[in-house]
Amino acid sequence: QGSELSGWAMGRWTYEGIDLNHNFADLNTALWDAEDNDLVPHEFPNHYIPIPEYYTFANATVAPETRAVIDWMQRYPFVLSANLHGGELVVTYPFDMTRTYWKAQELTPTADDGVFRWLATVYATSNLAMASEERRLCHYDDFTRFGNIINGANWHTVPGSMNDFSYLHTNCFEITVELSCDKFPHASELPVEWENNRESLLLYMEQVGDG
């Protein structure tokens, strides 16, 4: 498809037409409704939030890939994770969904905002492409003003994201890394992409030892 914006939607949806990036259970709305009604934490939990019953029905619009990932997450108590995307140079952190449901963008931090900002910063400052003084903008957003990190919901809202689900259902801290301006790098460009991200990935994994 070439590079940059060409064919950006290729591979985004499954054969059944499901966008896996928006397919996890929305636990945010239930939590925020409970908070608004002073039900947290005595009547409604603020972590290990159970999956809503409607989401478990056989006819629910849940991809088999999503169900498989959820089963995997429930079997293994992951505490740190990264979600790798392409098409931009920025690291985003939860929440990915805006608290005001009708807003497309809104700063929506978690209770662990400081930790998430640190994790995102560790990756962004060690990524060769993001840290380069000669880096150009991928498209029109200038993420360099924010240190190449941003609260996901403050960029664009993503209901049902894996990051928010991981955090609220399993207590796993997960960020999204937009690895490169190019969603479809050519084979000859892959060694450069690897070098840009190698140290970032290693340093990020090392954060699993911190509390």
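1. Asn148 counts as buried, at 7% relative accessibility; buried denotes under 20% relative accessible area, exposed over 50% and partly exposed in between, with a 1.4 Å probe and protein chains only. Asn148 lies in the loop between helix H5 (128–131) and strand E3 (149–151), and has a positive phi of about 65° although it is not a glycine. Helices (H or I, at least four residues) and strands (E, at least two) are DSSP runs, numbered from the N terminus.

2. The model is predicted: local features need pLDDT of at least 70 and side-chain atom pairs count only at pLDDT 80 or more, while totals for chains, interfaces and linings use all residues. Residues are numbered from 1 along each chain as its sequence is written, and side-chain values use heavy atoms, with hydrogens and water left out.

3. Asp38 also has a positive phi, near 55°, in a residue other than glycine. Asp38 is placed in the loop between H1 and H2 and counts as exposed, at 68% relative accessibility. The loop between H1 and helix H2 (53–56) is also the place of Pro41, which is joined to Val40 by a cis peptide bond with omega of about 0°.

4. A cis peptide bond also leads from Pro94 to Phe95, with omega near 0°. Phe95 lies in the loop between E2 and H4 and is buried, with a relative accessible area of 5%.

5. The structure holds 10 aromatic pairs. Rings of Phe, Tyr and Trp (its six-membered ring) pair if their centres lie within 6.5 Å; planes under 30 degrees apart count as stacked, over 60 as edge-to-face and the rest as tilted. Trp32 and Phe95 form an edge-to-face pair, 5.4 Å centre to centre with 90° between the planes. This pair links distant parts of the chain, 63 residues apart: Trp32 belongs to helix H1 (residues 28–36), and Phe95 to the loop between strand E2 (90–93) and helix H4 (113–126). Trp32 counts as buried, at 5% relative accessibility.

6. Phe116 and Tyr167 have ring centres 5.3 Å apart and planes at 70°, so this pair is edge-to-face. Here too distant parts of the chain are linked: Phe116 is in helix H4 and Tyr167 in helix H7 (residues 162–170), 51 residues apart. Both Phe116 and Tyr167 are buried. Ring pairs join Trp32, Phe95, Phe116, Tyr167 and Phe173 into a cluster.

7. Glu178, in strand E4 (residues 173–178), is buried yet has no salt bridge; Lys183, the nearest side chain of opposite charge, is 5.6 Å away. A salt bridge requires a side-chain nitrogen of Lys or Arg within 4 Å of a carboxyl oxygen of Asp or Glu; Lys and Arg count as positive and Asp and Glu as negative, while His and the chain ends are not counted. Leaving aside neighbours within four places in sequence, the contacts of Glu178 (heavy atoms within 4.5 Å) include His85, Glu88, Met130 and Trp155.

8. On the overall fold, the protein has 8 helices and 4 strands, running α-α-α-β-β-α-α-β-α-α-β-α from the N terminus on. Buried residues make up 41% of the 211 residues. Residues 24 or more positions apart account for 78% of the contacts with a separation of 6 or more. The C-alpha trace spans about 50 × 40 × 35 Å along its principal axes.
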